[in-house]
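This report describes one protein model for a reader who has not seen it before. The sequence and the structure are shown first, and the description follows.

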Amino acid sequence: MQDTIRAFRRFNRFYTRLLGLLNQRLLNSPLTLAEARVLYEINALPGTSAAELTRLLAMDRGQLSRLLKSLLKKMLAKRIGKPGGRRPLPLEITEQGRAVLDALEAQADNQHRDSDKDCGFCVGDSHDFPLVAEVWRLN
């Protein structure tokens, strides 16, 4: 079991570095990883609320509020409706936000294709990471 844990942690460190998750911006985009994830969820769930995103992403309300403020300021997302009511305003991605998200998806696809060439333990080599292989199988 200890070997599996070590292998899983090695896998996490490798992919954290490979994907540049410790960089300030995701794939040289104007977004952080957290902003990109929130924008992705707004796109995937049109009309979702901040409260729903907080639950879905298991994120602190304050952190999500700051991320949404940034996305709204960059005009990548917008609130639907008029403020002032008791109900939270649903969120929607803008055309500019969709363009940024599409560009990120294309860059991520290219990054994945390039990383497969020198990966050493990608999904095809999952025998080196039984726990990772099991997670992939369950999903």
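Of the 139 residues in the protein, 30% are buried (under 20% relative accessible area with a 1.4 Å probe and protein chains only; exposed is over 50%, partly exposed in between). The model is predicted, so that local features need pLDDT of at least 70 and side-chain atom pairs count only at pLDDT 80 or more, while totals for chains, interfaces and linings use all residues. Residues are numbered from 1 along each chain as its sequence is written, and side-chain values use heavy atoms, with hydrogens and water left out.

The protein has six helices and two strands (DSSP runs, H or I of at least four residues for helices and E of at least two for strands, numbered from the N terminus). Their order from the N terminus is α-α-α-α-β-β-α-α.

The elements with residue ranges discussed here are as follows.

| Element | Residues |
|---|---|
| helix α2 | residues 33-44 |
| helix α3 | residues 50-57 |
| α4 | residues 61-73 |
| β2 | residues 91-93 |

Helix α3 has L53, T54 and L57 as buried residues. They lie on the same side of α3 because their arc around the axis is only 105 degrees (taken from the directions from the helix axis to the C-beta atoms). The cover over these buried residues includes α2, α4 and β2. Just after α3, A58 has a positive phi of about 50 degrees.

E41 belongs to helix α2 and counts as buried because its relative accessibility is 8%. Leaving out residues up to four places away in sequence, E41 touches L53, L56 and L57 (contact means heavy atoms within 4.5 Å).
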